[in-house]
Amino acid sequence: MACLLEAPLRISVLSEVTATSRHYVDRLFDPDPQKVLQGVIDMKNAVIGNNKQKANLIVLGAVPRLLYLLQQSSSSLELRTECAVVLGSLAMGTENNIKSLVDCHIIPALLQGLLSPDLIFIEACLRCLRTVFISPVTPVQLLYTDPTVIPHLMSLLSNSQRTQEYITQIFSHCYSGAPDGSVQPWLFHTLTSVCFPLQVRMQALKCFSVLAYENTQGLHDTVLVDGELDQPVEMQLTAAKCLTYMCRAGAIRTDDSCIVLKTLPCLVRMCSKEHLLEERVEGAETLAYLMEPDVELQRIASTTDHLVAMLADYFKYPSSVSAITDIKRLDHDLKHAHELRQAAFKLYASLGSNDEDIRKKITETENMMDRIVSGLSESSIKVRLAAVRCLHSLSRSVQQLRTSFHDHAVWKPLMKLLQNAPDEVLVMASSTLCNLLLEFSPSKEPILESGVIELLCSLTQSDSSALRVNGIWALMNMAFQADQKVKVEIVRCLGTEQLFRLLSDPDTNVLMKTLGLLRNLLSTRPHIDQIMSSHGKQIMQAVTLILEAEHSIEVKEQTLCILANIADGNTAKELIMTNDDMLQKIKYYMGHSNVKLQLAATFCISNLIWNEEDGSQERQDKLREMGFVDVLHKLTQASDPNLSDRAKTAMQQYLA
């Protein structure tokens with residue numbers, strides 16, 4: 001019975017709201033202009049802070065009528081201004097509201113309104129445009145469809161502080177879609193002029209940071225930004241971001257004093273607990289980006305203001321309920337504390353990406369490994385990604401793999417993460433797994449026992465080349481000096497069809513790692529003979545295709561090394577000896593201009609003619625007939641000592 005009573009109740013409330021809203025819309029069509037004006041004013045008061053009312057009015061068709069009234073020359077200036085204010089209020093609702101307003105062509109109507117001589121009306125139109133354009137659902141290109149718009153907006157900049165503020169906010173949010181050079185005159189004028197208030201220069205600086213991000217063309221005038229590092233915190237942070245982006249784009253050297261003595265210390269300072277949560281997050285993430293490719297900056301940062309220890313506080317935020325009197329602020333901080341953890345993990349990852357001493361310092365920070373393990377299973381995908389990035393950075397250390405990683409069994413949450421995650425997380429997690437599967441890692445055995453081979457084989461079939469690389473790379477590491485059982489399982493699970501598909505992968509990295517896997521599988525004679533007896537025909541066919549095709553020196557060298565391993569087998573070497581075409585290819589590469597290829601090919605012949613093995617005399621005779629002795633004799637005179645030594649060792653087999 002309760003269910004039957006519920007529906008009519010909802011319907012009556014809805015119809016009541018709709019009826020009230022309909023009344024507001026109907027008044028917009030009154031023949032008396034004064035009543036229309038009063039209706040718009042009443043609508044303005046009704047929608048303030050009321051998203052449900054805003055949505056109702058949009059559904060009932062208020063927007064087209066408001067835009068009509070706004071554009072009519074017969075409408076009074078007061079009415080047109082009030083219409084712009086109401087539209088601005090509707091835009092402050094949900095993203096769906098913005099979409100509806102854009103679909104009704106609000107942007108051209110408001111831009112047209114900017115041609116009015118009345119400043120108050122212009123400000124109302126600009127305020128509404130600002131609200132529309134700062135929404136992520138608004139296509140920024142809509143600002144640039146008419147080439148006269150930007151010059152006109154620039155001409156309005158000096159009209160009032162409000163026009164300055166609204167226009168700079170519009171530009172800073174729409175800069176990424178601007179045609180080259182269209183907004184730069186405004187940008188440089190604003191940054192170099194002291195007559196603009198701080199808030200306006202702030203927006204210009206934000207715009208500059210968008211321009212500087214990954215701008216390889218370079219912005220070389222650092223003086224514009226450098227001076228802002230002594231301003232209030234928000235200005236300092238944005239200036240530091242600009243300089244960071246310019247540095248990463250190559251416009252400023254990493255050892256420039258404005259980076260080492262100003263930008264880096266400023267960003268480290270932003271990480272201290274005296275700053276607001278947002279500032280600490282932005283400071284840490286920008287610093288991580290600045291240092292990412294530069295070892296020296298990582299070393300400087302790690303010794304500045306006890307940064308490594310300071311970041312540990314990011315995991316204790318907010319520190320004490322009693323210490324925070326502002327309950328709203330506490331609620332905000334509790335909701336956003338995961339952003340601090342994400343930023344800390346990112347910065348630790350950047351700090352520890354190259355230097356062993358820094359990695360040691362990070363892992364010795366209080367409960368650090370426990371925090372990373374917890375981070376791998378957090379509900380926030382961004383925190384999980386940042387935690388696995390941090391783990392990947394630390395996993396580059398042999399020492400940490402043998403100690404901290406083993407003590408905390410980090411492979412368990414890592415494996416769990418690999419079961420069901422977005423590609424971005426999978427790429428980083430599988431990269432980390434590659435390191436955990438290295439031969440000296442104590443985690444290798446338990447990972448093997450957890451059934452990881454099937455998971456890695458499935459990664460090699462991914463559409464993402466990064467995942468294919470990581471899947472095959474991990475298998476390659478796993479196959480290194482592995483027992484026969486593991487190798488057989490890898491070949492069985494991967495399947496020869498997929499193995500040879502990977503050998504023709506368009507991504508060279510995938511091809512190289514697949515060749516590396518084959519090389520590791522074809523090591524130690526019993527393993528070589530066993531694999532070649534089952535798959536020899538296909539492997540020889542793949543080797544032939546690679547040696548005949550257009551590939552890099554590195555790819556061909558790796559392929560010749562595989563051939564040398566096959567030549568080391570007891571029975572497998574016959575697959576080469578009975579293939580005259582392959583022998584001619586080896587001879588060709590012995591005379592190649594590249595020493596690496598000559599070495600690998602000579603190593604292959606050396607294995608085929610080794611005296612101590614059955615049938616060596618027959619193999620030596622056949623190769624002598626094919627002219628290999630003459631080639632070896634010539635190579636004993638080679639200028640490269642390794643090559644001449646290898647050729648001399650091979651020649652001794654004939655003389656023994």
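Tutor: This is a predicted model. Glutamate 613 forms a salt bridge with arginine 525, with 2.7 Å between the closest N and O atoms. The two residues are 88 apart and link distant parts of the chain: glutamate 613 lies in the loop between helix H37 (595–608) and helix H38 (616–625), and arginine 525 in helix H33 (residues 525–548).

Student: Why is the contact of glutamate 613 with arginine 525 called a salt bridge?
Tutor: The rule asks for a side-chain nitrogen of Lys or Arg within 4 Å of a carboxyl oxygen of Asp or Glu. The closest N and O atoms of this pair are 2.7 Å apart, so the pair meets the rule.

Student: What makes glutamate 613 buried?
Tutor: Glutamate 613 has a relative accessible area of 12%, and buried means under 20%, so the label applies to glutamate 613.

Student: Is arginine 525 buried, partly exposed or exposed?
Tutor: Arginine 525 has a relative accessible area of 31%. Partly exposed covers the range between buried, under 20%, and exposed, over 50%, so arginine 525 is partly exposed.

Student: Which side chain meets glutamate 548 in a salt bridge?
Tutor: That of lysine 585, at 2.8 Å from N to O.

Student: Are arginine 299 and glutamate 296 buried, partly exposed or exposed?
Tutor: Arginine 299 is partly exposed at 38%, and glutamate 296 is partly exposed at 45%.

Student: How many salt bridges does the rule give?
Tutor: The count comes to 27.

Student: How do you know that the span of helix H26 (residues 423–436) agrees with expectation?
Tutor: At 1.5 Å a residue, its 14 residues should span 20 Å, and the end C-alpha atoms are 20 Å apart, so the two values agree.

Student: What makes H26 mostly covered?
Tutor: Of its 14 residues, 10 are buried, including Val425, Leu426, Ala429 and Leu433.

Student: Which residues of helix H25 meet H26?
Tutor: Trp411, Leu414, Met415, Leu417 and Leu418 do, and their partners in H26 include Val425, Leu426, Ala429 and Leu433. H25 (residues 411–419) packs against H26 at about 140 degrees, with the axes 10 Å apart. Their crossing is left-handed.

Student: Where does UniProt place the feature "repeat: ARM"?
Tutor: The unreviewed entry places it at residues 61–97 and 494–536. Residues 61–97 are 76% helix and 0% strand.

Student: How many helices and strands does the chain have?
Tutor: There are 40 helices and 0 strands. Of the 656 residues, 53% count as buried.

Key. Residues are numbered from 1 along each chain as its sequence is written. This is a predicted model: local features need pLDDT of at least 70, side-chain atom pairs count only at pLDDT 80 or more; totals for chains, interfaces and linings use all residues. Side-chain values use heavy atoms; hydrogens and water are left out. Buried means under 20% relative accessible area, exposed over 50%, partly exposed in between (1.4 Å probe, protein chains only). Helices (H or I, at least four residues) and strands (E, at least two) are DSSP runs, numbered from the N terminus. UniProt positions are given in the numbering used here, feature names are shortened, and annotations may be inferred rather than shown by experiment. The expected span of a helix is 1.5 Å times one less than its number of residues. Axes are lines fitted to C-alpha atoms, for helices over the stretch in contact, and angles run from 0 to 180 degrees between N-to-C directions. A crossing is left-handed if the near helix is turned anticlockwise from the far one by less than a right angle, and right-handed if clockwise. Contact means heavy atoms within 4.5 Å.
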